[in-house]
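Me: I am new to this structure and would like to go through some of its features. Could you take me through them one at a time?

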Amino acid sequence: MTFSSNSAVVEFLTAKGCSVANIHARMKTVYGEMCISDCAVRKWVRIFKGEDPRETILHDRKRPGRPLSASDMAHREKVDRLIRANRRVKRKEIADKVGISKERVHYKSWVHHYDPVCKA
């Protein structure tokens, strides 16, 4: 039995309102030893009912850690002002004053062409 036919049977019986135990018992009588496990049936029932948050969330969830806010215009302008005020400012100083990582400062300084060797 293929994955799509297993999932179709589970989806159909879930829509009819059958319980997980009933779905698994009905599939066991038809498919015998080739039947999927009750754990798999339970997982698919949750998915088809929309109760499994891992499968039903369509937008990006918040993740732990520092948010990526270094690419907004406010940070970009702060970096620009600091570099224009003092061309010899260190990347660490910019990172501390603006509140972004040194790596982002390095990236921004090269993207905005603030290379101290090339510019006077």
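**Helix packing and cysteines**

Reply: Helix α2 passes helix α3 in a right-handed crossing (right-handed if the near helix is turned clockwise from the far one by less than a right angle, left-handed if anticlockwise). Helices here are DSSP runs of H or I with at least four residues, numbered from the N terminus. Please note that this is a predicted model, in which local features need pLDDT of at least 70, side-chain atom pairs count only at pLDDT 80 or more, and totals for chains, interfaces and linings use all residues. Residues are numbered from 1 along each chain as its sequence is written, and side-chain values use heavy atoms, with hydrogens and water left out.

Me: Within what distance do the axes of α2 and α3 come, and at what angle do they cross?

Reply: The axes of α2 (residues 20-31) and α3 (residues 38-49) come within 9 Å and cross at roughly 130°. Axes are lines fitted to C-alpha atoms, for helices over the stretch in contact, and angles run from 0 to 180 degrees between N-to-C directions. α2 is therefore oblique to α3 (under 35 degrees is roughly parallel, over 145 roughly antiparallel, 65 to 115 roughly perpendicular, and the rest oblique).

Me: Which residues make that contact?

Reply: V20, I23, H24 and M27 of α2 contact D38, V41, R42 and V45 of α3, where contact means heavy atoms within 4.5 Å. By class, there are five nonpolar, one polar and two charged residues in the contact of α2 with α3.

Me: Changing topic, how many disulfides does the structure hold?

Reply: The structure holds zero disulfides, a disulfide being a pair of cysteine sulfur atoms within 2.5 Å.

Me: And C18, buried or exposed?

Reply: C18 is buried, at a relative accessible area of 13%. C39, by contrast, is exposed, at 52%. Buried means under 20% relative accessible area, exposed over 50%, and partly exposed in between, with a 1.4 Å probe and protein chains only.

Me: Where is I83 placed?

Reply: I83 lies in helix α5 (residues 73-85) and counts as buried at 7% relative accessibility. Its C-alpha atom is separated by 8.2 Å from that of I94, 11 residues apart along the chain.

Me: Which residues of α5 and α6 meet?

Reply: H75, K78, V79, L82 and I83 in α5 meet I94, K97 and V98 in α6. The axes of α5 and α6 (residues 91-98) come within 10 Å and cross at roughly 135°, which means α5 is oblique to α6. This crossing of α5 and α6 is right-handed.

Conventions: Helix = DSSP H or I, 4+ residues; strand = E, 2+ residues; numbered from the N terminus. Nonpolar A, V, L, I, M, F, W, Y, C, P; charged D, E, K, R; others polar.
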